[in-house]
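The model comes first, then my notes.

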Amino acid sequence: MQVKVGFIGAGNMAKGHMRRLAMMADVKLAAFADINQKAAEEAAATYGGRAYTDHCAMLADTELDAVFIVLPPFAHGPAEEAVLEKKLPLFVEKPVDLDLGRAREFAAEIERLELVSAAGYQERYMEVIRKLKSFLAGRQVGLFMGYWLGGTPQVGWWRRKAMSGGQAVEQTTHVFDMVRFLFGEVQAVQAVGRPGLNPFNMEGFDVEIASAANLLMADGTIGTVFSACFVTIPASRPAGIDIFCTDATINYKRRHSVLVHTAGQSEEWLNHNQYDLEAVRTFIDAVAQKRPDLVASTYGDAVRSLEVSLAVNRAMETKETVSLPLQ
């Protein structure tokens, strides 16, 4: 069976997925929709298939087996609704929405239809993360510290909180998702942010340049996740998680390695698998086999990671402890 795939969104992030899918003999890239006509036409010229500026027209014209939705945070909603009306499996890039209520409705519809779904939390497919999750099983974790420290992406929508959700939603969501994957669900959030500065003099810049979020996990584990988007000199810990157990300390360096210290011993685990390729391959296999359970990061699970990020935003705004699930 050749899985026929369509794309809604043909920008830089989408191009990475297209390249990976093009390596698979059992995948046909069949159609591309983007409001930027040039981007859609370039994808069609590269991989074959047809180009559209209207995703509804693409879905009406093209017989597809699955759809990748690769859009900026503010643009989610109509595309997912149209794909679900067609009852098609979908791979949605993170964050999956800015509207939690709408995302929950989509998740419920995906479950009702028993559709295969996936979200772009690719680190869950890393060999070292699987090994780390196994290592932590049965251990007592007391504290973790997560961080995403870097600069500001050079796209206009990112610096506008109403369009991106801010750094907690658009970038640090990867850290929050990994916290959930390793330690379970978040029960409550406290957070503070550093607003009001525009270090790069960017037009329309209104996101916090830094934040710190305290997380209380359902099992009692506590941790703090730091974010910053003003760091131009490389940080010693640009992104990752430090984990403190009763019998071990661990440093996860995002998308690279895990360093484990136990009594009298230190060991570094380097990641070797192509986790981004594995994430896409797993989705295609799940579609072909009609096996939603194969996917490590489903749409419904990604909605719960979105909820944590939005809880951080609410805690920064209200200066109050925010309980989950959000009301």
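Which helices each supply at least two residues of the lining of the largest pocket? I find helix 1 (12-22) and helix 4 (78-85). Helices here are DSSP runs of H or I with at least four residues, strands are runs of E with at least two, and both are numbered from the N terminus.

Basis of the entry. I am working on a predicted model, in which local features need pLDDT of at least 70 and side-chain atom pairs count only at pLDDT 80 or more, while totals for chains, interfaces and linings use all residues. Residues are numbered from 1 along each chain as its sequence is written, and side-chain values use heavy atoms, with hydrogens and water left out.

Pockets. I took a pocket as an open set of points on a 1 Å grid over the protein atoms alone, with protein on both sides within 12 Å along at least five of seven lines; a cavity is a set where a 1.4 Å probe fits but cannot get out, and lining residues have an atom within 4 Å of a point. Grid points are joined across faces, edges and corners, and a volume is the space filled by probe spheres set on the points.

I read about 860 Å³ for the largest pocket. It has 33 lining residues, and G11, V70, L71, P72 and W157 are the closest to its centre. Helix 1 gives the most to this lining, with four residues. I sorted the lining by class and got 20 nonpolar, seven polar and six charged residues. Nonpolar means Ala, Val, Leu, Ile, Met, Phe, Trp, Tyr, Cys and Pro; charged means Asp, Glu, Lys and Arg; the others, Gly among them, are polar.

Why does the largest pocket lie between domain 1 and domain 2? Domain 1 (3-122 + 276-296) and domain 2 (123-273 + 307-323) both give residues to its lining, so I place it between them. The domain bounds come from an automatic or database domain assignment.

The second largest pocket has a volume of about 180 Å³. I list M1, D65, K87, P89, E114, L115, V116, V287 and K290 as its lining. By class, that is five nonpolar, no polar and four charged residues.

Cavities. I find two cavities of 30 Å³ or more. The largest cavity holds about 40 Å³ of space. Its lining includes K161, E208, S227 and N313. Helix 8 (167-170) and helix 11 (299-318) are the elements that give two or more residues to the lining of the largest cavity. I count two nonpolar, six polar and two charged residues in the lining of the largest cavity.

The second largest cavity holds about 30 Å³. E123, H174, V175, M178, G240, I241, Y252 and R254 line it. Helix 9 (173-183) and strand 11 (239-245) each give two or more residues there, and helix 9 gives the most, with three.

Backbone. I note a cis peptide bond between K94 and P95, with omega about -15 degrees. P95 is in the loop between strand 5 (90-92) and helix 5 (100-113). The peptide bond from L324 to P325 is also cis, with omega near 5 degrees, and P325 lies in the segment after strand 15 (322-323). R255, a residue other than glycine, has a positive phi near 60 degrees; I place R255 in the loop between strand 12 (249-253) and strand 13 (257-262).
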